[in-house]
Amino acid sequence: MKHMDEILASIHQIPPFPQVAIKAMDIISNTQYVVSDLVEVIRLDQSITANILKLCNSAYFGLPRKVSSLKEAVVYLGTIQLRQVLLASGAKDIYDRPDKGYSYFIGELWQHAIACALMSQVLARHLRLSLDENSIFTAALLHDVGKVVLSTYVSQEFAEIETMVKKEHLSFHDAERRVLGFDHAEIGGRLAELWKFPDSIVAAIRFHHEPEKSPKTFRLLSELIALSDGLVLMVGYGTSADGLSYHIPHLLVDKLKLKKNDIEVLMIKFQEEMDKAQEMIDVKDVL
Amino acid sequence: MAKITIGIADMKASADSADILTTYCLGSCIGLSLYDPVAKVGGILHYMLPSDSINPLKGESKPFMFGSTGIPRLFKTCYQLGAEKKRLIIKVAGAGQVMNESGMFNIGKRNYAFLRKILWKNNVMIDAESIGGSNNRTMYLRLSDGQVMVKVSREEMVVL
């Protein structure tokens, strides 16, 4: 059994969150930014440039016409959308690493991450949660990064975890804890910390399976990500490693006194968004 | 051979015996497969929710999202392609359940109950099924011979 420290040491072998995406997000956080500065930075990363063009031509962003240059994309997309595209592009690189362990199929974690991001946006809007849209998108998109680490560095134990899920009818993260002593949420939180994401994001990732333990200031975000994660997994946008072996944390459902019908209405809205985002899921590295 | 993929809240049918229909990501959703071995016509519906009574407008614009609007359309489409009701072989996959005890999240169960009811009312029997449990599934229908294969979570593919 590998220890947490050993795994944490291997975290440093996981590529950092793409620096270009981080720099570009930094630039747009200044409301007075100059478009050409931004274009110069993004252009340094060909894969992100290509992803941005593909992403922003997807129906999800609903631009009035097809965009063919990076400059046009930057001009047409609003700041919030631009941030989402940059983040999505960076996250995709992490989730779809070709040298990842055998435990996930290429595209599977990415599809789940996008589904969770869209579900949490739908929930936040529909339930009028007072949360910042950027934080929601970021936390939802990155909540499972810990799985990338685990599937790469503890592939042997991973098989054991899967067997335990099946035989003992445990949830996936409970089995992770039994076998490893910690779970992917904990690792993911550490990774987000390392990448210097804000505390709210770190907490939402760290506590997405046990939002009740999240520090109070960040609890609503953690609860939202936890519920979104569970709902998309239930629909089928999960990963084959986990199946539906999962207890959906329902704090938010209880707090807002949601009914079965509310859940169905939310699922309809979510699927509409997923239909619009198909191109985002299919984004391939064109270079 | 054409590989035809049916997305979530989607339906496709074909009369080309070289086709293989596939639907992924069956969690709490239902994958319903019809096949007429004489006409070699078949189709798959992948619906998310039992009834469009919750949003009838959506039922019109996105009929395959619901069992109530999707199931009749799947049958009609297969009939139009030459299938006959008495020859149809019906197979079902999906209706997975998360581990919560509360009924709040038992959409899989409700999806399946709805299917049973509508089929029973129309005198149609299910020939084979792979349903329930904390599983997600992929379903394949081969039109050359009507073989339906199901992959349950990470296990080997099985013939249904």
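The paragraphs below lead from chain A, through its interface with chain B, to a few individual residues of chain B. This is a predicted model, in which local features need pLDDT of at least 70 and side-chain atom pairs count only at pLDDT 80 or more, while totals for chains, interfaces and linings use all residues. Residues are numbered from 1 along each chain as its sequence is written, chains are lettered from A and ligands numbered from 1 in the order in which they are written, and side-chain values use heavy atoms, with hydrogens and water left out.

Chain A contains 17 helices and 0 strands, where helices (H or I, at least four residues) and strands (E, at least two) are DSSP runs numbered from the N terminus. Of its 287 residues, 61% count as buried, a term that means under 20% relative accessible area, with exposed meaning over 50% and partly exposed in between (1.4 Å probe, protein chains only). Among the contacts in chain A with a separation of 6 or more, 68% are between residues 24 or more positions apart, a contact being heavy atoms within 4.5 Å. The accessible surface of chain A comes to about 11,800 Å², and 52% of that surface belongs to carbon and sulfur atoms; such areas come from the Shrake-Rupley method with a 1.4 Å probe, and for residues only the protein chains shown count as cover.

One element of chain A illustrates this burial. Helix α13, residues 199–206 of chain A, is mostly covered, with 6 of its 8 residues buried. The buried residues are Ser200(A), Ile201(A), Val202(A), Ala203(A), Ala204(A) and Ile205(A), and what covers them includes α8 (133–142), α12 (184–194) and α14 (219–235) of chain A.

We turn next to the interface. The contact takes 33 residues from chain B and 38 residues from chain A, and the area buried between the two chains is about 3,000 Å², of which carbon and sulfur atoms give 66%; buried area here is the accessible area (1.4 Å probe) that two parts lose on being put together, summed over both. Met99(B), Phe105(B) and Arg154(B) supply 26% of the area that chain B buries against chain A, more than any other three residues. Across this interface the rule finds 3 salt bridges, each a side-chain nitrogen of Lys or Arg within 4 Å of a carboxyl oxygen of Asp or Glu. One of them joins Glu264(A) to Arg110(B), whose closest N and O atoms are 2.6 Å apart. On the side of chain B that touches chain A, the elements that give two or more residues are β3 (20–26) and α3 (107–121) of chain B.

Strand β3 of chain B also holds Cys25(B), which has a positive phi of about 60 degrees although it is not a glycine. Most residues other than glycine have a negative phi. Cys25(B) is buried, with a relative accessible area of 16%. Lys40(B), in the loop between β4 and β5 (41–47) of chain B, likewise has a positive phi, near 55 degrees, in a residue other than glycine, but Lys40(B) counts as partly exposed at 32% relative accessibility.

Finally, Asp36(B) lies in strand β4 (residues 30–36) of chain B and is buried, with a relative accessible area of 0%. Its side chain reaches the backbone nitrogen of Val38(B) at 2.8 Å. Leaving aside its neighbours within four places in sequence, Asp36(B) is in contact with Val41(B), Gly82(B), Ala83(B), Glu84(B), Arg87(B) and Leu88(B).

Definitions and conventions: Polar contact = N/O pair within 3.5 Å; in protein donor to acceptor, adjacent residues only side chain to side chain.
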